[in-house]
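Here are my notes for your first look at this model. Keep the structure open beside you and go through the points one by one.

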Amino acid sequence: MAHLSESRAMSWLKDNAKKTISVTTTGISLRENFSPMLIYEAIGDRSLVEYLEHPRLFNFFVGNGILTSDEFPFDLDTTSIGLTVTTHIDDKTKMSIMDDMLKYVNEQGIVQVYFDLSRPRTDPVVSVNVLTLFYTYGRGSELQATLDWVYSVLENRSYVNGTLYYYSGDAFLFFLSRLFSVAPEVYRRFSSEYRKCCLERIGADGDALALAMRIIAGAAAGLPMYADFKRLLQMQELDGSFPVGWAYRYGKSDISIGNKGLTTALAIQACKSLTYLQT
């Protein structure tokens, strides 16, 4: 059953290569860089997606900001994903960018969201993604206070209703699983609490994207989330795709952003992660 779901979803992604545009809960279409890069990471096929290959810092939006300031600042979140997923930037430049990121740490030692000191924002998912970049290149120890804060968010369950910029609690656990894949020492510290958190998510409300993220997160802890996987399969549409799930949100507003291609790609990854646990 999982294999059938995966193959149909993959066919849809190929048929819609470079055509999956993000949408808001208010019905506005927009082009952004974040979702395509996550699709690329999940599937491993660059021909499926289109994003701007920024030479240095990455911006969430392609072009001007939508439903926000036209000159939207470059951000550490999209840049961290870009530097860990794409292949067009050399390591020397990546190291230089990480040096710059360390200039955007607040008084508590927590890395901020934007390359703009006039916008002092923090978000635990953004912190996780920056940590993933730093641990990938052996520099995780330079953000110890950020890591400690992320652990407190996990321990206190303050992520369960989403974060400032991420819609669901499952996103936090999903992006933590990415961090664990490059930082086994972090997993050793987090694993007991992380496993409890994943167990608590079983059967919780969630759209298709949240369920896919939950299944992937659970797999990282060795937990096969069969009940949520069954729910996810029931959401698959006739053409093989999965419906839009809400990934990001505009700060404290009620407007969220989703991408059908991202939901479908992570559903495929969820299938693979569950299959891996069964072997």
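1. Let's start with the largest pocket, which has a volume of about 370 Å³. A pocket here is an open set of points on a 1 Å grid over the protein atoms alone, where a 1.4 Å probe fits, with protein on both sides within 12 Å along at least five of seven lines; lining residues have an atom within 4 Å of a point. Points are joined across faces, edges and corners, and the volume is the space filled by probe spheres set on them. Of the 22 lining residues, Phe-72, Tyr-114, Tyr-165, Arg-249 and Tyr-250 are the closest to the centre. The elements giving two or more residues to this lining are α3 (76-85) and β3 (246-249). Helices (H or I, at least four residues) and strands (E, at least two) are DSSP runs, numbered from the N terminus.

2. A word on where this comes from: the model is predicted, so local features need pLDDT of at least 70 and side-chain atom pairs count only at pLDDT 80 or more, while totals for chains, interfaces and linings use all residues. Residues are numbered from 1 along each chain as its sequence is written, and side-chain values use heavy atoms, leaving out hydrogens and water.

3. What classes of residue make up the lining of the largest pocket? There are 14 nonpolar, three polar and five charged residues. Nonpolar covers Ala, Val, Leu, Ile, Met, Phe, Trp, Tyr, Cys and Pro; charged covers Asp, Glu, Lys and Arg; the others, Gly among them, are polar.

4. Now find the second largest pocket, with a volume of about 320 Å³. It has 16 lining residues, and Glu-41, Ser-177, Arg-178, Ser-181 and Gln-269 lie nearest its centre. Helix α7 gives the largest share of this lining, five residues. By class, the lining has eight nonpolar, six polar and two charged residues.

5. Next, look at the aromatic rings: the whole structure has 19 aromatic pairs. Rings of Phe, Tyr and Trp (its six-membered ring) pair if their centres lie within 6.5 Å; planes under 30 degrees apart are stacked, over 60 edge-to-face, and the rest tilted. Phe-60 and Tyr-248 make an edge-to-face pair, 5.3 Å centre to centre with 85 degrees between the planes. Phe-60 sits in the loop between α2 and α3 and Tyr-248 in strand β3, so their pair ties together parts 188 residues apart in sequence. Both Phe-60 and Tyr-248 are buried (buried is under 20% relative accessible area, exposed over 50%, partly exposed in between, with a 1.4 Å probe and protein chains only).

6. The largest nonpolar core has 90 residues, and Phe-172, Leu-173, Phe-175, Leu-176 and Leu-232 touch the most other members. Such a core is a set of buried Ala, Val, Leu, Ile, Met, Phe, Trp, Tyr and Cys residues joined through side-chain atoms within 4.5 Å. Leaving aside neighbours within four places in sequence, Phe-172 has contacts that include Pro-124, Val-150 and Tyr-159 (contact means heavy atoms within 4.5 Å).

7. Thr-264 belongs to helix α11. Is Thr-264 buried or exposed? Thr-264 is buried, with a relative accessible area of 0%.

8. Finally, check two backbone angles. Leu-67, in the loop between α2 and α3, has a phi near 60 degrees, a positive value in a residue other than glycine. Arg-157 is not a glycine either, yet has a positive phi of about 65 degrees. Leu-67 is partly exposed at 43% relative accessibility, whereas Arg-157 is buried at 18%.
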